[in-house]
Structures are given as structure tokens and as C-alpha cells.
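Okay, thanks for coming, everyone. Let me put the structure up and walk you through a few spots in it.

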Amino acid sequence: MSVSKVLEPMLQQYPSWVYTSPVGGRMLAKKKWDKGIKKNIPKHYKDFYLTWQKGPQEHIHSRPTVANFEKDEWGEIFPVQNPRIQVVYPEEFHEGLWGGEGVIKGLKARPASRHRSFLPPVAKYWWPKLMEGVVYSEILNKHIGMVMTMRGIRLVDEAKGFDNYILNTPVNEVYAWKLLKLKREMLLELCQKDNFSGRAGDTDIFEKYHQHQVSQEEADWTGLTLEEAIRKQISIEQSKRESENVPLKEKYREELVYLLREGHLDDLDVGLIDENKDPGVLGGIKKLFK
């Protein structure tokens with residue numbers, strides 16, 4: 001929506017073309033992280049979330065042409081285009097191991113007719129073949145049941161294990177929030193080598209996956225949705241403000257203990273304190289009856 005050139009500087013921070021062009025959209029999306037509560041969120045989470053936003057980039061539901069140019073039947077050369085199929089990822093996708101597959105929406109072809117129909121065609125949805133399965137995590141030392149597809153099973157087999165698939169695959173290709181939550185648990189488990197000491201026969205698991213070890217803070221932020229990250233940052237800032245607001249009673253008590261410990265009050269004359277002390281109302285009454 002465009003506004004008048006006269007009112008544009010007063011109503012909008014940027015010119016109108018910034019809000020409608022792809023370049024301007026990318027700039028505005030980047031500037032959202034520079035204001036409000038988002039600007040205090042750690043950089044490693046911003047990189048994680050921006051990577052996740054890209055979504056699966058592989059051509060899962062199509063077979064792209066490898067060549068850059070093709071020749072048609074008349075001998076003319078033209079560039080090859082590989083348009084992407086729009087895929088819908090429902091909530092059930094984020095609870096299972098679908099391997100990047102989603103729901104494809106299309107339109108049913110109308111039957112041949114002599115008369116033209118102006119009604120919108122009927123929508124058709126193609127769902128991937130789903131099945132219930134169980135995967136095993138060596139790091140978490142537990143079996144996890146979830147709904148999965150054959151592509152998800154094949155990707156785990158090609159990665160030589162569920163843990164390798166979760167830790168080595170980019171977050172935008174994993175994309176499912178349940179799997180990213182499991183990645184968070186794995187990274188938190190890898191932060192402490194002592195977490196693997198109590199397992200019988202599993203002493204080499206930490207050495208097998210130690211190259212994926214990150215700091216405790218980065219592991220704790222990994223796998224959080226944007227809403228969860230904002231709530232976490234608000235909680236951190238609130239607890240920080242509460243820790244800084246120390247009551248004066250506690251502050252003066254600490255100062256007094258410090259002065260007593262260092263011996264600065266040893267030479268203080270207590271009589272001077274009594275003379276300068278305000279007698280109050282009762283002190284004035286006593287003076288009247290002397």
C-alpha cells in the first residue's frame with residue numbers, strides 16, 4: 001500500500017518501495033532483530049533461527065534437471081528452470097521424522113466438457129506415506145517412538161545412526177521442532193563428560209560425538225522456538241534486575257561487616273555517636289522536668 005509523497009516521511013520510516021520489494025523485505029526482517037527484546041538475544045540463536053527459517057532446500061518432491069541449458073525440438077537453446085513445488089508442513093510434521101517431506105496441494109483436473117466452467121477447481125492434497133516407528137539415541141540412551149516416512153528412515157540409515165543424523169544435518173533440513181528439541185537434549189548431555197560415566201559399556205560414546213560439543217549456553221538455546229527464546233530472554237533480564245535491586249538493609253550490613261573485618265571501626269569513639277544522636281520527643285520531655 002502506497003501513500004502520498006507528502007505524508008510518506010511522516011507515516012513511514014522508509015520509502016514505500018522498501019516495504020514492497022524483496023530486498024526491502026530482507027532488510028526489514030534483519031532489522032527486526034535490532035530492536036526490542038530481540039536485540040538482547042544471543043547471536044548464536046539468531047543464526048540458528050535464521051537458518052531454520054529457510055526450510056528444506058533439497059528438491060524432495062521433484063526431479064530437477066542437472067543441465068543449465070537445453071535444446072528444444074527446433075534446435076533453439078534456452079536456460080533450464082527448476083521451479084520448486086510449494087509444500088505445506090502441518091503441525092504433525094513437527095512431531096515426527098518426515099525427512100523434509102510435506103503435504104503437496106494441487107487441483108483436480110476437470111472432466112472434458114463442451115461448456116466452460118468458471119467455478120474454481122477442487123483442491124487435492126497429496127500426503128506422504130506415514131508409519132509408526134522407533135529410533136534409538138546413543139547419547140540420550142533411550143528409544144523414541146514417532147511417526148516417520150521411508151525417506152526419514154533412509155536418511156537415518158545413510159547417516160549411520162539417529163544421533164549422527166540429528167547432529168550433522170543442518171537445522172533447516174531437519175526442520176521439525178521435536179527433532180530440534182532432541183538435538184538440544186543431546187548437546188546438553190555432551191556438555192558434561194560425567195553424564196556418560198555411569199553407563200555400563202558406553203565409555204566410548206562421548207569420544208564418538210565429542211566433536212559436536214558446544215558451550216552450555218549455546219546448547220541451552222538450541223532448539224527453542226522464537227516465542228520460547230523471547231520468554232527465556234525476558235526471564236533472564238527480569239532475574240538480572242532482581243539481583244541488582246539489593247535492599248539497603250543488606251547493603252549496609254555488608255558494608256558494616258566489611259569495616260569490622262578490616263578493623264576500620266576499632267578507633268571509633270562511641271561517645272561522639274551518642275552526643276550527635278537525635279534524642280527524639282521523649283528526650284525533649286526529659287529535659288523539661290530536669
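Before I start, when I say contact or touching, I mean heavy atoms within 4.5 Å. What you're looking at is a predicted model, where local features need pLDDT of at least 70, side-chain atom pairs count only at pLDDT 80 or more, and totals for chains, interfaces and linings use all residues. Residues are numbered from 1 along each chain as its sequence is written, and side-chain values use heavy atoms, with hydrogens and water left out.

So, what does leucine 179 touch? Leaving out residues up to four places away in sequence, its contacts are Gly96, Leu97, Met146, Phe162, Ile166 and Val174.

Now, helix H11, residues 226-244. Helices here are DSSP runs of H or I, at least four residues, and strands are runs of E, at least two, numbered from the N terminus. Buried means under 20% relative accessible area, exposed over 50%, and partly exposed in between, with a 1.4 Å probe and protein chains only. Which residues of H11 are buried? Leu226, Ala229, Gln233 and Glu237. They cover an arc of only 70 degrees around the axis, so they sit on the same side of H11; that arc is taken from the directions from the helix axis to the C-beta atoms. Their cover includes helix H4 (43-53) and helix H10 (216-221). On the face turned away you'll find Glu227, Arg231 and Glu242, which are exposed.

Most residues other than glycine have a negative phi. Tyrosine 175, though not a glycine, has a positive phi of about 65 degrees. That tyrosine 175 is in the loop between helix H7 (171-174) and H8, and it counts as buried because its relative accessibility is 13%.
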